[in-house]
Structures are given as C-alpha cells and as structure tokens.
Amino acid sequence: MTGSQLAADLIGVAVFAASGGSAAVGKRLDLFGVAFVGFAAALGGGIVRDVVIGSVPPLAFADWRYALTAVAASVAVFWLHPQLYRVRRTVLVLDAAGLGLFTVTGTLKALDAHVPAVGACLIGMLTAIGGGLARDLLTGEIPVVLQREIYAIVALGGAVTVTVLVRFGAANLPTLALAAVVMTGVRLLALYRRWSAPVAVPPPAP
Amino acid sequence: MTGSQLAADLIGVAVFAASGGSAAVGKRLDLFGVAFVGFAAALGGGIVRDVVIGSVPPLAFADWRYALTAVAASVAVFWLHPQLYRVRRTVLVLDAAGLGLFTVTGTLKALDAHVPAVGACLIGMLTAIGGGLARDLLTGEIPVVLQREIYAIVALGGAVTVTVLVRFGAANLPTLALAAVVMTGVRLLALYRRWSAPVAVPPPAP
Amino acid sequence: MTGSQLAADLIGVAVFAASGGSAAVGKRLDLFGVAFVGFAAALGGGIVRDVVIGSVPPLAFADWRYALTAVAASVAVFWLHPQLYRVRRTVLVLDAAGLGLFTVTGTLKALDAHVPAVGACLIGMLTAIGGGLARDLLTGEIPVVLQREIYAIVALGGAVTVTVLVRFGAANLPTLALAAVVMTGVRLLALYRRWSAPVAVPPPAP
C-alpha cells in the first residue's frame, strides 16, 4: 500500500469514527462507549469484509494505525462535540468522501481475494455501509442507511463501476480515484437536493 | 449440488427474503432497506454458518444466484405487499418449508466440514434461525424466534435427527427429505394448535 | 489445556450464561430464548475472537462442554431466577471473575495466533465484553457496557498487562492468574465505590 493510499484510508477511518462518536455522545454513552461505537463505525465494515474473504486477522486488528486513528477521532469528538456541530457540513463532505473511498478499497480487496463479481460488489457496498449499520445497532436505532436518503445505492453503483473497470483492465489509480470522486459528488448532490429512495405504499388501515 | 437441491435451496432463500422484506415494509424502510433486510433474512444464517466453518467467501457472495433470488423476492414484496397479505397462509407454509430445508443443509454442511456433532447441531439450527434474528435486529425488534412459538426448537430437533442419520450411515436423499418434511409438518402443527414454549414465572412485584 | 484451566473457563461460561439468562427472563422470553441469550452471552465473545483469528470452527462449536455448560446454566436460571435475586452479590462477584478470566485467555489466544500487540489487546477485550454486547442487543437494549460503570476499561487494562507480560517473557500461570485476580478486584472495587467513566457535557438546548 502506498503512503497516499494509507493516508486516504485513515482519513476515511477518522471520519466514520467521528460519525460513530457523535451518535454515541448523543445517546449519553460514557467515554469508553464513545470510543467503542467510533471504532465499530470506522472499522466494522472492514472487519466484516476481511472475515468473509478469509483475510484474518482483519486489518483493524493487524495494523495498529487503524485502531489508533479510530479511537483518537472518537475521543476528540467526545471533547469537542459542541464545536463539531458548527462544522457539520464539513463532516458530511468527509463522510461522503469516506463512502467513496471505502467502496473502492472494499470492492478491490474482494476481487483480489477471487470473490466472483456479484459477491465482490456486495462486499464493497458492505464495507462502506457496515460501519454505519454497526453504529446504529449499538445505539439502539434502526439503521438510518435502510430508511432514507441515497447512500447505500451510491455505494452499490460505485462497487459495480469498480468491478467493471477491473474486468476491462481499466482499473488504475486515475480511474479508481475518479470513481471515488464521482460517488462523493453524487452523495453530496443527493444530500443537497434531498433525494430519497421510494418507500412502499402503506397497506390500508385494518 | 444437483439441480433439484439448488432449486429447493433457492425457494428457501426466496421465502425468507419475503419474510424480511415484509418486516422492512412494515417499518417504512425505503426500497434499498427492504432489499437489504430481505437479503439479511434470507442469507444471514448461511453467512454465519459459512464463516464459522471456515468456508469463505460464503455461498451468499460466491454464487450470484443466491443474492439475485433474495433481492428479487424482497423487491417483489415491496411492490406486491398488499396482495401478500391475502396469501399470508401460503407464506407461512413456505416459511415452514424453508425452516426444514435450511436446517438440513446447514447441519450437513457443518458435518462435512468436520465440526463435532453438538457443534454441527447448533450450526444447523443457526442456519435456519439466523436470518430471522438478523431481520428482527435490523428492524429494531427483540427477535420473535426468542419470544414465542415453537420454531427454533423444531430446527434443533431436526439438526439432531440429521446428525444421527449421518452417524448411522442412513443419510440419503429420501431420509433427509423426510426429516425436512417432518420438521415442516411439526412447525405447521405448532402454528395451527398455537403451541408455545414455556415462559418463566414472573418474580414477585418489588 | 490443563484440567484446572478448563474448569476455570467453564466457570466463566456458566456465569456469563447466567447473566444472559437473567436478562432474557426479565424480557419474558421463552425457554428457548433464555437458553439462546445465555449461550450468546457466554460464548459470543469467544466466537468473535475465534472467527477474527481464523480459528474455525470456534471453540463454542468444537467442544461440546462449552455449549452444554452455557445451556445448563441458562436453563437453571429459567427455573431458579427468583432465588437468584437473593444471590445477586454472588453473581456479581462471579461475573467479575469471568471478566478477568476471559480477558486473559482471549488475549493469550490472539497473541498465539500471531496477532500484533494492539490487535491482541482489542481482541482480548472483545472476548470479555462481546457476550454482554450480544446479550443486550438480543434483548433490545443499548449495551450497558457502553453506558456506565468501569467494566470494559478493566478488560482493556488487563489485556495490555497480559500482552506486556508475554512480550517480556514473564507470562506464566502465577503472573497470569495474578492479572486475572487484580482485574476481578478492580472491577469489584469499581462496583462497590460506584466509579463511573465520564460522560460528555450535553450540548446546549436548541
């Protein structure tokens, strides 16, 4: 892994840890709880990815820089959360960047482990949304990613794109970076325009 | 795997996906949430089974027909759920069939992976009830399988039966199919007669 | 594994199963639900540990004595829970002992599997707190270990101690037993003195 890839990966970890830490602060969890939920939000998706492709121990346990980054970001949120509110737009932008990045790296890692295309797309998407699922389950919420907004579908579209690029031998740093940037942009556009996925028509009242 | 086995397996996947999709529609999740909960309900038990026996990537990611079936069934529920209510008896019968089938295949797969007998029974049961657990946790409910009705105990009894059949060299397509049919029948009888497992006596009011 | 180690391990399993069974009885789960939550509370942490270090099938499925002990302890709670209330201090002491024991064995097992030091500490802590997390998620609660009291931090401190002992070649039965005893003592002292971890300052009312 190059230095720039590692740096980008750790930025994604820090951003997702901050989102988990914020949710935990809002639920009045203690300092340990905030660090734990931050760790799960940042690294839960990657742990699931590594377990299902048989890459054990998962990167979250094999490379101390991941755990340290996640815990440091969560603890920072614990102390700084009132200020965080003022930079919430920045956090949303970083979260969208994390979404793009984790989808690309998760899909690539699954394809490298010889997972077939459809499975690799699902694993890439799970890498990106798994942390948010863990964060919401640990704080007693129905996962927000299942409820509204265009989020997971961006990850799925990105994972399909990465898989197609790899199949056609066109996966290289510029094309993969472009895929991550486009995903980030679509996510931000969906936020800005308040796009939502459809909800089923409710059944008639009994 | 023979064609008839695969067909039976995919019917189980479709039925459990429909149960997950229905629960997600009831919670007003969006289209993606419905597909995701359907996927987890159909394939969550099998993913856990494959991970604990070291068969990675799990079948849910290795064979695209499983994911496609789960997603197609969930999305169908999203559009058809008012009609689904009228066929709810059919769904319960299919769910009972899925219970029998997943227990048999899960227990066999664990025994094939050289898991000892007691562990294989537990894994067979988890294959059958794991999806329902995932469905309920994702939709913010205490798992119904832990609360009432004769469901998991049917799976456990079936898993023990399959293990005994294998130990005595009597496991073949007719005996295994019979085990699945008996489990389906017991489950339906329990539903029809409203059999329940006992609940502990509440402690005296403080 | 020596006989005394196995006995100590099974005592930990029984105690955590009793804590899970008590929580399930309190939620009015049926007999199966009580056994299942007890199993998850006793063996969930160890299953996660074994999966992330690639030791499959996990001990919970590979050695029938673990599952049997967990289920027997849960079922005993189902029948005896009013009496259990009178011995709740004993249960808290045993739970503290389980915390110390599971941290030591979990950390050692991760180091044996060549997990780097930071990852081994995290896995040792997860072994000790994972069962409690599973118990609370299955019964619809935000995990208590994330909310208050000095519990997980004791596990983390113990895991660091064990890792340091191993690195300096000082890990042997007396030193490891001492580590477990000190952890148990700190946990009991924290309970007795009602020590709590800090909670973040709430944000100003909107």
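Guide: Let's start with a pair of helices: H7(C) and H8(C) cross each other in a right-handed way. H7 covers residues 152-167 of chain C and H8 covers residues 173-193 of chain C. Keep in mind that what you see is a predicted model.

How do you describe such a pair? Two packed helices are described by the angle between their axes and the distance between the axes. Here the angle is about 165°, and the axes of H7(C) and H8(C) lie 10 Å apart. An angle over 145 degrees counts as roughly antiparallel, so that is how H7(C) and H8(C) run relative to each other.

Now zoom in on who meets whom. From H7(C) come Val154(C), Gly158(C), Thr161(C), Val162(C) and Leu165(C). Facing them from H8(C) are Thr175(C), Leu176(C), Ala179(C), Met183(C), Val186(C) and Arg187(C). Sorted by class, this contact has seven nonpolar residues, three polar ones and one charged one.

Next, step back to the whole of chain C and its neighbour, chain B.

Where the two chains touch, 27 residues of chain C are in contact with 24 residues of chain B. On the chain C side, the elements giving two or more residues are helices H2 (31-52), H3 (59-62), H4 (64-86) and H6 (117-138). H2(C) gives the most, with seven residues. By class, that side of chain C has 20 nonpolar, four polar and three charged residues. Only 7% of the interface residues of chain C are also interface residues in chain B, so the copies meet through different surfaces.

Chain C also touches chain A: 27 residues of chain A are in contact with 24 residues of chain C. On the chain A side, helices H2 (31-52), H3 (59-62), H4 (64-86) and H6 (117-138) each give two or more residues. H2(A) has the largest share, seven residues, and the class count for that side of chain A is 20 nonpolar, four polar and three charged.

How far does the predictor back all this up? The model scores ipTM 0.84 and pTM 0.88. For chain A, the mean pLDDT is 87, with 91% of its residues at 70 or more. Where pLDDT is low, the predicted coordinates should not be read in detail.

How values were computed
Residues numbered from 1 in each chain as written. Chains lettered and ligands numbered in written order. Predicted model: local features only at pLDDT ≥ 70, side-chain atom pairs only at ≥ 80, totals over all residues. pLDDT = per-residue confidence, 0-100. Helix = DSSP H or I, 4+ residues; strand = E, 2+ residues; numbered from the N terminus. Nonpolar A, V, L, I, M, F, W, Y, C, P; charged D, E, K, R; others polar. Axes fitted to C-alpha atoms, helices over the stretch in contact; angles between N-to-C directions. Parallel < 35°, antiparallel > 145°, perpendicular 65-115°, else oblique. Left-handed = near helix turned anticlockwise from the far one by under 90°.
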